[in-house]
Amino acid sequence: MTEQKTNAKASLLGGMFVFHDRIFHNAFENLTEELAVVRPSENSNHSNWVLGHILHCRYMLANMIGLEAVDPFGEIYWTGIENREYPTIEEISEHFPKISGKLMDKLSAMDDAELDARPAPDKPCLTDIVSFFVYHEAYHLGQLGYARKLIGLEAMVSH
């Protein structure tokens, strides 16, 4: 396991991801494979795609902060939704804690200097990158709550 450092930035950002983890897992409550691919409208994503996209973005972030992590589903949740067969929501759910644990371990081991580092002079620092991913994930969790209501399920709760 990675050495744990006390860092206010890393702790705050990691705490937000931990909060999101609970909401993410609550998105699966009463969600069947059939309902997971129902698109609330022809111009919206289905829950399967949004859940897979959140997972894919965690893999992207893990790589940006120095982990070597390969998304088991490749790029299908990066490209727009297509009329195709997607992995099951059970598969998405099984992979989420694997990358999340590694991501949290890495974040908690980073100090201010590492978080303030810029991958390139013209790029934002890692704190800004991680902050964007927290925001991005919250946006998609909100979409899941709304989509669930549109397909007849209750919204997610944060407990």
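Is Phe73 buried or exposed? In this predicted model, Phe73 has a relative accessible area of 14% and is therefore buried, since buried means under 20% relative accessible area.

**Aromatic pairs**

- Phe132 and Tyr135 form a tilted aromatic pair, with 6.3 Å from centre to centre and 50 degrees between the planes; both residues lie in helix 6 (residues 126-150), where they are three residues apart, about one turn of the helix.
- Phe132 is partly exposed, with a relative accessible area of 45%, whereas Tyr135 reaches 53% and counts as exposed, because the exposed class begins over 50%.
- Ring pairs also link Phe24, Phe28 and Phe96 into a cluster.

**Salt bridges**

- The structure holds four salt bridges, including one between Asp116 and Lys9, in which the closest N and O atoms are 2.5 Å apart.
- Asp116 lies in helix 5 (residues 112-116) and Lys9 in helix 1 (residues 8-26), so this pair ties together parts that are 107 residues apart in sequence.
- Asp116 is partly exposed, with a relative accessible area of 39%, and Lys9 likewise counts as partly exposed, at 30% relative accessibility.
- Another salt bridge joins Asp21 and Arg58, with 2.6 Å between the closest N and O atoms; because Asp21 lies in helix 1 and Arg58 in helix 3 (residues 47-64), the pair ties together parts that are 37 residues apart in sequence.
- Both Asp21 and Arg58 are buried, with Arg58 at 1% relative accessibility.
- Arg58 also forms a salt bridge with Glu137, where the closest N and O atoms are 2.7 Å apart; since Arg58 belongs to helix 3 and Glu137 to helix 6, this pair ties together parts that are 79 residues apart in sequence.
- Glu137 is buried, with a relative accessible area of 5%, and salt bridges that share partners join Asp21, Arg58 and Glu137 into one network.

**Surface patches**

- A patch of negative charge on the surface gathers Glu33, Glu34, Glu90, Glu91 and Glu94, and the elements that give two or more residues to this patch are helix 2 (33-36) and helix 4 (89-108).
- Helix 4 gives the most to the negative patch, with three residues.
- A nonpolar patch on the surface is formed by Phe132, Tyr135 and Tyr139, which together have about 370 Å² of accessible area.
- Two members of this nonpolar patch, Phe132 and Tyr135, are also the partners of the tilted ring pair in helix 6.

Note on methods: Residues are numbered from 1 along each chain as its sequence is written. This is a predicted model: local features need pLDDT of at least 70, side-chain atom pairs count only at pLDDT 80 or more; totals for chains, interfaces and linings use all residues. Side-chain values use heavy atoms; hydrogens and water are left out. Patches are made of residues with over 30% relative accessible area and no salt bridge: like charges are joined within 9 Å, nonpolar side chains (Val, Leu, Ile, Met, Phe, Trp, Tyr) within 5 Å. Accessible areas come from the Shrake-Rupley method with a 1.4 Å probe; for residues, only the protein chains shown count as cover. A salt bridge is a side-chain nitrogen of Lys or Arg within 4 Å of a carboxyl oxygen of Asp or Glu. Lys and Arg count as positive and Asp and Glu as negative; His and the chain ends are not counted. The place of a charge is taken as NZ of Lys, CZ of Arg, CG of Asp or CD of Glu. Helices (H or I, at least four residues) and strands (E, at least two) are DSSP runs, numbered from the N terminus. Buried means under 20% relative accessible area, exposed over 50%, partly exposed in between (1.4 Å probe, protein chains only). Rings of Phe, Tyr and Trp (its six-membered ring) pair if their centres lie within 6.5 Å; planes under 30 degrees apart count as stacked, over 60 as edge-to-face and the rest as tilted.
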